[in-house]
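Subject: Handing over the structure

Dear colleague,

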Amino acid sequence: MLFLYRFFLASYKGFRHYFDFSGRTSKLDFWLFLLFFLTAYLLVWLLDHFFLTSVVVLKDLPFSNFLPSGYFDEEVGLLVLAYRPIMAVPTLSATVRRLRDVGKSGWWSLLWVFPLPILGWFWLIPWLAADSKHENDEFE
């Protein structure tokens, strides 16, 4: 029960700080928000894949070889196309706040997409999983 409470609290914090790139985010809150992001994405994808028709074939887009999701699902529908930009800002802001908490610059969050999406994750994920560099447990 406590896990579900923390899960929904972390998701709420992620949306409450939608455009807030200042402050810090704890490791637990960040990973719970990311779990919410992935769970919601899976739900959106399932609805999109089984109940709606495909709108875009990702392989037909320019630079499609740089889209990691294109390797798993070549065709996406309207729900997935809407979900990605809506969730981009809160995910980016949570990443920036988490990187600040471990003592890194928020600019490193660009490794989610540059230089190559999956290649940058090898540097980014260990930082996001690192312990806080701050002594107190109060987060902004």
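The side chain of T25 makes a polar contact with the side chain of R97, at 2.9 Å; a polar contact is a pair of N or O atoms within 3.5 Å, where within protein one atom must be able to donate a hydrogen and the other to accept it, and where residues adjacent in sequence count only if both atoms are side-chain atoms. T25 is found in the loop between helix 1 (2-16) and helix 2, and it is buried, with a relative accessible area of 9%. Buried here means under 20% relative accessible area, exposed means over 50%, and partly exposed is in between, with a 1.4 Å probe and protein chains only.

Please note that this is a predicted model, in which local features need pLDDT of at least 70 and side-chain atom pairs count only at pLDDT 80 or more, while totals for chains, interfaces and linings use all residues. Residues are numbered from 1 along each chain as its sequence is written, and side-chain values use heavy atoms, with hydrogens and water left out.

As for the overall layout, the protein chain has four helices and two strands, and read along the sequence these follow the pattern α-α-β-β-α-α. Helices (H or I, at least four residues) and strands (E, at least two) are DSSP runs, numbered from the N terminus. Of the 140 residues of the protein chain, 36% count as buried. Among contacts between residues at least 6 apart in sequence, 67% join residues at least 24 apart, contact meaning heavy atoms within 4.5 Å.

How do helix 2 and helix 3 pack? Helix 2 (residues 27-51) and helix 3 pack at an angle of about 175 degrees, with their axes 10 Å apart. That makes helix 2 roughly antiparallel to helix 3. The contact includes F30, F33 and F37 of helix 2, and M87, T91 and T95 are among the residues of helix 3 that take part. The residues of this contact divide into 16 nonpolar, two polar and four charged. For the terms, axes are lines fitted to C-alpha atoms, for helices over the stretch in contact, and angles run from 0 to 180 degrees between N-to-C directions. Angles under 35 degrees count as roughly parallel, over 145 as roughly antiparallel, 65 to 115 as roughly perpendicular and the rest as oblique. Ala, Val, Leu, Ile, Met, Phe, Trp, Tyr, Cys and Pro count as nonpolar, Asp, Glu, Lys and Arg as charged, and the others, Gly among them, as polar.

Leaving aside its neighbours within four places in sequence, T91 is in contact with F33 and F37, and the C-alpha atoms of T91 and F37, 54 residues apart along the chain, are separated by 8.0 Å. A polar atom of the side chain of T91 also lies 2.7 Å from the backbone oxygen of M87.

The largest nonpolar core has 19 residues, and those with the most contacts inside it are F30, Y83, M87, L124 and L128. Helix 2, helix 3 and helix 4 are the elements that give two or more residues to this core, and helix 2 gives the most, with eight residues. Such a core is a set of buried Ala, Val, Leu, Ile, Met, Phe, Trp, Tyr and Cys residues joined through side-chain atoms within 4.5 Å.

F30, in helix 2, counts as buried at 1% relative accessibility. Not counting residues up to four places away in sequence, F30 touches T25, A94, T95, R98, W112 and L128; F30 and R98 are 68 residues apart in sequence and 6.7 Å apart in space, C-alpha to C-alpha.

L124, in helix 4, is buried, with a relative accessible area of 0%, and its contacts beyond four places in sequence include W108, S109 and W112. S109 itself sits in the loop between helix 3 (78-101) and helix 4 (117-128) and is buried, at 4% relative accessible area. L124 and S109 are 15 residues apart in sequence and 7.3 Å apart in space, C-alpha to C-alpha. A polar atom of the side chain of S109 lies 2.7 Å from the backbone oxygen of G106.

With best wishes
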